[in-house]
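The following note is intended for a colleague who is meeting this structure for the first time. Its points are numbered so that each may be checked against the model in turn.

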Amino acid sequence: MEPEKNNLRYVPKSVIKRLALYCRILHRIEMDGLTRISSKILAQFLGITPAQVRKDLAYFGQFGVPGFGYNPHDLRIHLKKILGTDRIINLAIIGVGNLGKALLSYVGFKTQGFKFIAAFDLDQRKVGRKINELKVSSINELEKILKDSDVDIVVLTVPANAAQEVVDRLVKCNITAILNFAPIRIDVPSHVRIHSVDLAMELERLSFYLR
Ligand code: ATP
């Protein structure tokens, strides 16, 4: 389906997924000191055709010069703007168990422009502790803290049986983007985006190829 002009909602999900990949590749190319790249080389990095690269980018405007290719820096900045990652994205995490702690401690998010600004847990023994300089707050304070902070995305690392209830509270707090690690289907209203990562299921899918 052809997207309506200026309406990014019509861009296929597969294209949006590739945008982040383009940004990574362009960054590496920039770091290597290259000042131009062709759609053919970009396509090779992604394992797609040059025509697909040109089609992907055409959703967002006119890039590149025929016969020259793209300027990696300019294209990356433009794509980051489209992705909304041209600024720091503020994260909150709910559930500071083993997975939550690991995500909070991962330094790679910072270099990609993501910053944890709040962490919550139900367990009073964890409340008040600091992980990577961030103090864990009580889940009882969720509404109060979210109201006064600029959280863009909530990362959910609570057990499956707590997930829906927490998400319902997040929706009431006007959170519209959630990355869910709880292995359960969660219902959200249509204006809320929830991306679920079921790590065990991913491993199961990979196990299939071990045979
Ligand atoms: P730990 O043994 O340290 O609790 P875990 O990873 O085994 O780690 P889980 O049972 O997966 O723990 O829970 C993840 C985290 O979510 C825990 O820190 C738990 O206290 C927290 N949690 C559970 N229910 C809620 C809730 N309703 N709101 C906020 N946090 C919660």
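1. A residue is termed buried under 20% relative accessible area, exposed over 50%, and partly exposed in between. By this scale Asn132 is partly exposed, because its relative accessibility is 48%. The model under discussion is a predicted one, and every remark below should be read accordingly.

2. Asn132 deserves attention for its backbone as well. It is not a glycine, yet its phi is positive, at about 50 degrees. The residue is placed in the loop between β3 (130–131) and β4. Glu133 lies in the loop between β3 and β4 too, and it likewise has a positive phi, of about 75 degrees, without being a glycine. Glu133 counts as exposed because its relative accessibility is 68%.

3. As to overall dimensions, the C-alpha atoms fill a box of roughly 60 × 45 × 35 Å along the principal axes. The protein has 211 residues, of which 36% count as buried. Its secondary structure comprises 9 helices and 7 strands.

4. The protein is divided into two parts: domain 1 covers residues 5–83, and domain 2 covers residues 89–203. Taken over C-alpha atoms, the centres of domain 1 and domain 2 are separated by 31 Å.

5. Which strands pair with β2 in the parallel sense? One is β1: residues 89–94 form this strand, residues 114–121 form β2, and 6 bridges join the two in the parallel sense. Within this pairing, Ile93 has Ala119 of β2 as its bridge partner. Another is β4 (residues 134–138), which pairs with β2 over 3 bridges, again in the parallel sense. Here the bridge partner of Asp121 is Ser138 in β4.

6. How many aromatic pairs does a search of the whole structure find? The search returns 4. One of them joins Phe109 and Phe116: the ring centres are 5.9 Å apart and the planes stand at 75 degrees, so the arrangement is edge-to-face; the angle required for that class is over 60 degrees. Phe116 is buried, because its relative accessible area is 15%, whereas Phe109 is partly exposed at 24% relative accessibility. Together with Tyr106, Phe109 and Phe116 form one aromatic cluster.

7. Phe208 and Tyr209 also form an edge-to-face aromatic pair, with 5.2 Å from centre to centre and 90 degrees between the planes. Is Tyr209 buried or exposed? Tyr209 is exposed, because its relative accessibility of 64% exceeds the 50% limit. Phe208, at 48% relative accessibility, counts as partly exposed.

8. With Leu203 and Leu206, they make a nonpolar surface patch of about 510 Å². Tyr209 is found in the segment after α9, a helix that spans residues 199–207.

9. The next is the parallel pairing of β2 with β1 and with β4.

Definitions and conventions:
Residues are numbered from 1 along each chain as its sequence is written. This is a predicted model: local features need pLDDT of at least 70, side-chain atom pairs count only at pLDDT 80 or more; totals for chains, interfaces and linings use all residues. Side-chain values use heavy atoms; hydrogens and water are left out. Patches are made of residues with over 30% relative accessible area and no salt bridge: like charges are joined within 9 Å, nonpolar side chains (Val, Leu, Ile, Met, Phe, Trp, Tyr) within 5 Å. Accessible areas come from the Shrake-Rupley method with a 1.4 Å probe; for residues, only the protein chains shown count as cover. A salt bridge is a side-chain nitrogen of Lys or Arg within 4 Å of a carboxyl oxygen of Asp or Glu. Helices (H or I, at least four residues) and strands (E, at least two) are DSSP runs, numbered from the N terminus. Two strands pair if DSSP finds at least two bridges between them. Rings of Phe, Tyr and Trp (its six-membered ring) pair if their centres lie within 6.5 Å; planes under 30 degrees apart count as stacked, over 60 as edge-to-face and the rest as tilted. Buried means under 20% relative accessible area, exposed over 50%, partly exposed in between (1.4 Å probe, protein chains only). Domain bounds come from an automatic or database domain assignment.
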